[in-house]
Every structure is written in structure tokens, then in C-alpha cells.
Amino acid sequence: MKTRFAGLEKLLVVLALAILSLAACSSSDDDSNLSDGDGGGDGDGGGDADGDGTASDLKQVLETLGVDMTDTEPIPSGFNPIGRTKRTLTPVSELLVVGPVMNESTLNVVDDSVAEYAPLYTETAAEWDANGLKTAAAGDLDGDGFDELLVAIYREGKLYFQCYDDKEAGFAPLATGFSLDWVPEEGLKNFETDLDIAIGDVDGNTKEEVVLTASYRGVRETEVEDGDVDVESEREDVADSTLWVLKYTAAGFDVIGNELYPDARRANVATGDLNGDNKDEIALSFWGIGGVNTFELLAFTDQGLDRIEDGTVEWQNDEGELLVGINSDVVIGDVDADGVGEVLFGGAIGDLDSGGLPNPKGGYFALALDDAARDFNVIGAWIDFPRLGDSGGNIDTRIELVDLEMDYKPEILVDRFIFHNFAQADDEPWTVRFEMPSNLCAPVPGLPCTRQTSGRAVGDFTGDTREDIAWLAVNSGSIQIMGLNVTNEFERLDSIPVNSAGAWYPLLAAGNVDNDSTVVDYDADYKYVFTEPVVLAALASPPCREDIGQALDQCSTSFGNAKSETVTYENSFTFRAAVIVGVSIEDRTFTQSALEIEAKVEASVTATTSNSYTKEISVVYSTGAMEDGIVFLTVPYDLFTYTIISHPEPEMVGKKTTIAIPRKPIVLIAERGFYNQTVGDGYLKIDDNVFGHAVGDLDTYPSRQDKRDLLDEWGGMESQELSVGQGTGGTEVSISVAEEFGVGMSLGLDFELTAKTTAGGVTLGLEVGVGFESSLMVSAGESTTFGGSVGSIDGEHFVENQFTYGLFTYPIRAADGQEFFVVHYFVEQ
């Protein structure tokens, strides 16, 4: 199967995998206030929330605070993050072995290493013998969350196609005896056939389809009379390829797409999402007559297969020379971690000799084309002369993706070379990470590394939530399992013996067919919800009084991006909300094994969503005169609910799980007293533990020493000390992140939050101290300023009331784990 973490589906799989992080989302019933104080302030309060934390109360709180809760951008009908109604998550792979004899059988399904590679299913049949070219794959064709196994073989003029159901169904054959109407031209000399297969959801109905290609090539000889006596024979190269898209139904397989490609003697195929529409596209790589490697990208529509791109597999090297491939394998996957799949080719380059193989001037290449949004531009190419093939002449290069760390940034496997993915910041494209032994593919010296001599598959065969490579070569006597060990070194992890060491065309495929992984079922339960208010900043009222002739209209405190600058993404005030997963809503059941998985899952979610869900906040928020202000936000989430229907731990079956995907936050400001009274006792309030001053009473503001103590405790920044002005104007003071930390630096908040939502009893977030990645991150960029304006004092009152003051800001952590900025003043009279 060549669908490997591609496009939006890859992103959605990542989000779905987070369901396995059973790590405690606490109920958040504990008191999250800094204290029981009412927060002070002169606001008149308002708001009717009684603070018991229910969904209706939270909705009323948000509405009272001015939050517009209208869903202006509803999700598409039928959408859910896991892509299918039922889906297997973090699959532990079983191995389909076809051809070499194991336990006297020619087709075997082998369990993973946790079950000591026990046979799950065996079959002996003539069509699976060792001397036919075969292809195999695994995919969820019936939408039950488990994979079906598929094998196709051309033998004695017939294209056999067999599909086996999963273990739960006893590996029952689906559509027994199914064959395709494909009859190559008879009488060709040097006749050869070729097959390839890929699995993907090409029609977007949440069930996967089969994409199969069959090709043949040979030489047609025609006798041509020359005069009355002489008869000469004309030789003509003949080739033809056919593509089928097959959909499984209760009645069997239906052909829902069919294309013919004359003069193509090989058609390799892959599936994956190239444009982020949650449907898989089809990539074809052709080896044509004349030795030119072309490609075609197809999308399935209501009108049939639509060609979205085609061309020649070619690129320019650093010297500007145009290089063209001869023949290549193809795969689709998100190797640059942008959430959408790329198209990758691996194959031969150069001229062909008389036997159809690259001559000594040729070699081997790997090439990547970017996704649809970037017009399939060439990312980079890698050329090796001729080390890649090891045989010095074969053209059977194969390319796959393997996610060695399961961080959803898959590595690229080209024959026995493993390249870094393109998301590695320190590496150029096509940087070799690991090189497997040269005798792994062909243990017999001089034997070429082709599909005739070796088979391989990618999956988690060891149950460590990381992908491995299974490799079977003729005359090796065993299947080698290669991957990362506990110290992240690449080595042989295990082996599985086979009985017939010399069998040709060994074939391996990986799929999850049993209940050793979590399977979830979408409840069709969707809600558009909001989090409780999350405080970003507490702004103290400037040191201003009403009875000393001070220009109160000049008094305010501000927070946000600089007004005079053009705000860009890089230097703006930004906010990131993580995708949040809740498990076992009713009782918060979780296990240690789930906790161990969570670190990896949360890291993958962060890696794939940080750009998508980082939002620029470019508004400047200012208090009015004689009031403290609270800048707060609420995050709208799309909330989806699932039921676990299969799990290796039986007690987890039936539990409810949720996935919540954040949207752009809504940011507002409110007067502190109004805010505290509105949210009530069920939510964080900014009380006397944060602000001990009374608005208008300069004697209650922090002193110079108080300021030093606070900055020593929390860290932060401060302005210079200024004298209050005389007159009817005011004096502005500000702290710039750029000036304090330098260009390119930022001041940030990064914290866990167990946040109540309007979902009704559902709590989102991670318990503080349990999570591995932050739920919320706030960063003040280089254009961000913390500012204040203090009104001047008129001449009649100036002498006896003058004072000095300064602005300072620091991040503070509340008892519930929330962090926010405090913007305050120190005063010396």
C-alpha cells in the first residue's frame, strides 16, 4: 500500500491518533481562582452567572462579556477529523506473506511480534506459487476500521484478483474468483507483464478504494514480402497499460474508473491527498516506449477520473542541464510537514542498452514534486551513480515512506537508502539518514535487487508505535525486520523464518487486521463550542486621581502591537491553541500505556497544527480612565465525539472520546470589576492577589522596591522612571519587546489549561503537570508594546501632588495553570 500519511487525511489521522492519549483531562472542578477576593475595581459588575461551571452558565458568561457566538464558517456537511466513520488508530501491523512457503502454505497472514509472529491465516493455492509476478496491499474497504488484504497476479493469460476480509470475519474471501477483463496481445516475443496496486479513499466516502494497474510489453514480429521471393520480418515494440479503480460493495467489486495508456510498458501507482480536500488523488508513473518517464495525476469526480497534472519526470541540475528519468516508482506523502502530500519518484536515469537496462552512463535518481497549491514544483532531486541499485544495471528501483519515529514526518525509503524528510530544518532535501546493508536485498553476490528477488513492506511490526521495514530476499531464509532500537539506532530488530529460501517474487504487505489497536466509531455528534474566558493580560489603571486637577482623559493603559508599525506574522502578537483530546468523558479513565503514547501524539499534533492554528492578534487594547482592564479571549472549537468499539484493553470499549479542533480566537477587553462579577466563582478572577491597589489611590500602588520584588519573582520588563507632567496633556511610557529582548526575540506564555466549554459537562485540555505539550501559547513579538499614558496635573495642584512613576510588566501563573501578563505601575511620591 502506497498511501502513507498524505495531505489533509494525514493531518486528520494525526488528530485522530490523539484519541489514544488517555491522559487525564481533569474535571476542572477545583477552585481555579487566585483567591476568594472579588477583584476590586469600580465597575458595576453586571452579568447573571452563578459560577457553577455548567454549559448554560458559561454561554451566559460569554454573551454578557460581549462574545459573538454565531458560527459564521460552518464545517462541511459530513466532515469528521478521522476521515471515516470507523477507523483503526496507531495500527500494529500484521504481515501478509505471498509466494515463499511458510508452514507449507503459499499465502500467510503473520501476527506482530507481540504475538511472536504467530500465523493468523494460511492458504495453499496454485495461483500464489513462487513464479508469478504478484502485487498486494491492505486497506479498509468496508469501513469497519480493520484492513482487508488484497492480492493480484497475472498467470497463464488471466488476471486473478483476491480479497480477504479481516480476522474478525475469519479472513473470508470477498468476491471469490473475481477477475478483470484484461487480455494482452498474444504471440509477442519477449513478453512480460507488470502489476501495481494502491489503496485510497478517492471518492471521499470514508471507505477506501482499490487502484490497480496492469501492463504488458513485448515485440511484435510481422512478415513483410520484399518482391516475389524475399520475406523479411519487421520488429515493433508493443506496450499497453490499464488502470482500474475498484469499489467494494456488498455485491462485490464495481469498476468505477478505467483508463487505457497505450505505449506504456509499466504504470506504477500511488494514492494520497495532494490538495487538502480529504480525498485521495492518484499518481501514475509511466515507463514508456522510447525510455521516457512520464507521470499523470488524477482526481476522482462525479464525471469520472479528471487529469489535474501530467508531464515528464525531469528537472534541471545545478548546472542548468535538463535531466530526464527513464522509469520510476512513485509514492505520495507529506514529507515537508505542511499538511498536504507531495509526489515522490525513485528510478533510473540515463540511456538504455540493448537489453533495456541503463547503460554505464546511467544511474539512479529520486525526485519530489510539491503539492497542488504550489503547482507541483520540483522540490529537489538526488542522483547516485550507480550505488543505489547495487546490481549496476537493474531498473526496479522502489520508493516508500517510513515514519521511523512516528512523528508524522515520514522518512523516504529508496531501495536500501533512507533519506531525511524535508521538514528537517538542518538538512537539505535528499540527505541520507541511514544506509542499510547492501546484502539485505540480494544476499547472493551479483544478484540484482528487483521484485523478482525481494519483497518489502512498511508497518509497525514490533508494537512500539514506530514504523519498521520488513524485507524478504530470496535465499535469505527469513524476513528481516529493520527499524529504530530503544536508543534510536537503526538496526535489525527481529526476523521471521520462511521455509522455501529460494522462492522467486517474494511479496510482503502490511495491514491491521485484528483488535490489537484502537478502533473508533464516529457518533455523528458535532458541536460548535467555546472555551471559558482565558485571561491574556491584566492592565492596571494608571496612577491618576480625580481630586488633584489631573487630565484624566489622558489616562489609559494599553497592550498589543505597536500602532505605528505594519504588523507582520513574524513580529506580531500571536496565539496558538492546540488540538485538544478528551477521553472517557464520564470517568476520565486512563492507563500508563496511554500516558506513554501521549508524549508522541501531542508532539505530532503540535508539529502539524502549529502553523495552521497560530493567529495574529493585531489590535491594541486600552483601558479607559480610572479603571483596571482585563484582556481575555475565548477559543471556538469544533468538537467531535466518538465511541471506542475495539481496544486491546476491554475496559476501554464503549468509552466516549472527543477531538476538538480550534478556530481563530475571539479577543476582547472588559473592566476588571465587571469581568470578575460576570465570570463568578467558577472561573479565574483577577483579584487582590494580582492587583493590591485601589483605583485613584496612589498610596496603594507598588513602590520602587515592590516592583523589584515582583520582577525578581516572576521575571519581566520595566520602563525608565518618569515624573508626572504639568498642564492639560499627558506623558506616554512604553515597553517594547524588540528593544528589551532584541530583534527576532519574543516574550511568551506557554501553559496547560483544563478549560470548561459550552459543550455541557465536557472539559477540554490537559491536567497541569500531566501534559507533554502546551494547550495554549501566547507570544509577544518584536512589534508588541506594553504602554501607558499618565495625565498631567494643572498648575493649581501640581507642586503638592507631583510624583514619579514607571511601567513594568511580568507574566504570572495562576493556581489553575493559566499564565497571563500583568501590566502595572510603580509610584514614588
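A polar contact is a pair of N or O atoms within 3.5 Å, where within protein one atom must be able to donate a hydrogen and the other to accept it, and residues adjacent in sequence count only if both atoms are side-chain atoms. The views below show a predicted model, in which local features need pLDDT of at least 70 and side-chain atom pairs count only at pLDDT 80 or more, while totals for chains, interfaces and linings use all residues. Residues are numbered from 1 along each chain as its sequence is written, and side-chain values use heavy atoms, with hydrogens and water left out.

View 1. The side chains of Glu296 and Tyr261 are joined by a polar contact of 2.6 Å. Glu296 has a relative accessible area of 6% and is buried (under 20% relative accessible area, with a 1.4 Å probe and protein chains only). When neighbours within four places in sequence are left aside, the residues in contact with Glu296 include Tyr261, Ile282, Phe286 and Arg307 (contact means heavy atoms within 4.5 Å). Strands here are DSSP runs of E with at least two residues, numbered from the N terminus.

**View 2. The open sheet β18-β19-β20-β21-β22.** Five strands make up this sheet, and their pairing is antiparallel (two strands pair if DSSP finds at least two bridges between them). Its edge strands, β18 (314–316) and β22 (378–384), each pair on one side only. Strand β21 (residues 363–369) is paired with β22 in the antiparallel sense over six bridges, and Leu367 stands opposite Ala381 in β22.

**View 3. The aromatic pair of Trp315 and Phe365.** The structure holds 27 aromatic pairs (rings of Phe, Tyr and Trp, the last by its six-membered ring, with centres within 6.5 Å; planes under 30 degrees apart count as stacked, over 60 as edge-to-face and the rest as tilted). The pair of Trp315 and Phe365 is tilted, at 5.1 Å centre to centre and 35° between the planes. Because Trp315 lies in strand β18 and Phe365 in strand β21, the pair ties together parts that are 50 residues apart in sequence. Trp315 counts as buried at 6% relative accessibility, as does Phe365 at 0%.

**View 4. The stacked rings of Phe434 and Phe490.** The ring centres of Phe434 and Phe490 are 5.2 Å apart and the planes lie at 20°, so the pair is stacked. Phe434 belongs to strand β26 (residues 432–435) and Phe490 to strand β30 (residues 490–497), and the pair links distant parts of the chain, 56 residues apart.

Conventions:
Buried < 20%, exposed > 50% of the residue type's maximum accessible area, 1.4 Å probe, protein only. Helix = DSSP H or I, 4+ residues; strand = E, 2+ residues; numbered from the N terminus.
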